[in-house]
Amino acid sequence: MDLYEHQGKDLFARHDIPVPRGIVAETADSARAAAETLGGTCVVKAQVQVGGRGKGGGVALVDSPDEAEAAAARMLSEGFKGMRVVRVLVEERLSIAKELYAAILLDRSTGTDLAMVAAEGGIDIEELARTKPEALCRVHIDPEIGMHPYHRSALMGALTGALPAEARHLVENILIGLYEVLTQEDATLVEVNPLVLLTDGRVIALDAKVAIDDNALYRHPETEALRSAFPVDAVELRAREAGLQYVKLDGEVGIIGNGAGLVMSTLDLVQRAGAGAANFLDIGGGASAEVIATSLEVVLSDPSVRSVLVNIFGGITRCDIVAEGLLAALQRVTSNVQIVVRLDGTNTVEGRRVLKEAGHPKIVQVATMLEAAEKAARLAHGEAA
Ligand code: GDP
Ligand code: MN
């Protein structure tokens with residue numbers, strides 16, 4: 001789970017990493033009010049999970065509440081690089097003496113945490129790593145040992161010359177704070193680009209990129225709760241609330257299956273049949289009729305869905321329960337979309353009988369997965385059932 005800049009900065013602040021004073025705004029009006037509070041001269045930053053805002057118009061240095069309002073209005077209406085912007089961060093404007101780079105991330109290839117610093121910040125770090133790899137100081141930290149003074153000495157060595165003596169311990173404290181965020185918050189990445197030395201001698205995290213390990217979110221309910229601040233697709237929100245594994249895709253055949261492997265092979269078959277999957281939806285093992293019904297409702301609520309393929313290989317999941325769930329859903333929703341159903345495995349005979357006896361006009365039963373994919377693709381492309 002990637003955090004937005006303002007969320008990452010809140011996390012930083014809780015670990016005593018200095019960040020600019022800032023106010024989140026969701027409307028141009030509140031951006032203006034925020035700018036007034038911050039004294040007029042400030043920075044308006046689009047909250048999107050993509051970099052390059054500085055170059056691309058996603059960061060505006062403004063000199064008055066009027067300008068802040070205009071910049072926010074533009075960002076909120078235009079979005080950034082094709083992404084919706086629902087929030088901007090209005091921050092105090094700081095006087096920068098030097099931009100640095102600092103990051104710590106989980107390095108899966110070595111099973112260690114990798115800390116990196118560079119005396120050049122505010123620029124594309126991948127670019128720097130490619131063109132001037134020696135400028136990026138990399139120090140591996142064994143997670144069993146943790147960050148020690150010798151790790152920090154190695155990192156600080158790379159910043160010699162870039163920092164006045166008085167600022168060195170400030171940067172070192174920030175490195176301690178970043179490592180604390182990584183370990184205590186179960187982050188897999190904390191990146192500050194740029195970390196800035198101000199003309200008044202302070203050192204501040206001007207940007208924040210934080211990724212949290214999804215598998216550890218159960219340990220951080222307050223971090224998990226931040227997700228609710230993310231702009232999400234209405235269909236995805238519905239699916240998440242129902243506890244379904246749902247991913248929106250860009251095709252036209254809605255897919256429901258049990259087990260990630262089966263769902264993925266279903267996507268492949270639909271593709272081979274010349275159509276595209278509109279989503280990935282795994283109902284998991286042993287789903288109840290209610291879960292099936294909600295799944296179908298979720299998939300049918302996606303306007304790009306032209307046909308649905310329900311592919312069940314019953315193990316713990318019982319085909320008769322699936323059949324009942326499908327019929328229950330069709331009583332609750334009205335849809336013109338045909339639903340191709342392939343049931344196999346536990347209680348197949350009962351499941352198929354339930355559907356056959358119901359004789360619902362929207363349900364088309366087929367015997368194999370391949371047939372199901374071909375039928376769903378043809379239906380999506382306008383063939384009459
Ligand atoms: P990114 O381009 O999406 O990574 O956005 P950043 O948050 O890193 O900001 C991009 C650039 O905007 C920074 O490298 C700074 O040069 C500039 N910037 C951001 N805030 C301030 C500020 O308070 N004062 C000044 N002078 N420049 C700022
Ligand atoms: Mn940045």
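A salt bridge here is a side-chain nitrogen of Lys or Arg within 4 Å of a carboxyl oxygen of Asp or Glu. This is a predicted model, in which local features need pLDDT of at least 70 and side-chain atom pairs count only at pLDDT 80 or more, while totals for chains, interfaces and linings use all residues. Residues are numbered from 1 along each chain as its sequence is written, and side-chain values use heavy atoms, with hydrogens and water left out.

Q: With which residue does Glu297 form a salt bridge?
A: Glu297 sits in helix 11 (residues 289–300), and its partner belongs to helix 9 (residues 234–241), 59 residues apart; helices are DSSP runs of H or I with at least four residues, strands are runs of E with at least two, and both are numbered from the N terminus. The closest N and O atoms are 3.7 Å apart, and the partner is Arg238.

Q: Is Glu297 buried or exposed?
A: Buried means under 20% relative accessible area, exposed over 50%, and partly exposed in between (1.4 Å probe, protein chains only). Glu297 has a relative accessibility of 12%, so the label is buried.

Q: Which residue forms a salt bridge with Glu172?
A: Glu172 lies in helix 7, and the pair links it to helix 6 (residues 149–157), 20 residues apart. The closest N and O atoms are 3.1 Å apart, and the partner is Arg152.

Q: How many salt bridges does the count come to?
A: One of them joins the side chains of Arg87 and Glu26 at 3.4 Å, N to O. Others share partners and join Glu5, Lys9, Lys45, Arg53, Glu91 and Asp207 into one network. The count comes to 23.

Q: How many residues does the largest nonpolar core have?
A: A nonpolar core is a set of buried Ala, Val, Leu, Ile, Met, Phe, Trp, Tyr and Cys residues joined through side-chain atoms within 4.5 Å. Phe12, Leu178 and Val190 have the most contacts inside the largest one. Helix 7 (residues 165–184) gives its largest share, 8 residues.

Q: How far apart in space are Met1 and Leu217, C-alpha to C-alpha?
A: Met1 is placed in the segment before helix 1 (5–14). Met1 and Leu217 are 216 residues apart in sequence, and their C-alpha distance is 8.8 Å.

Terms used. Chains lettered and ligands numbered in written order.
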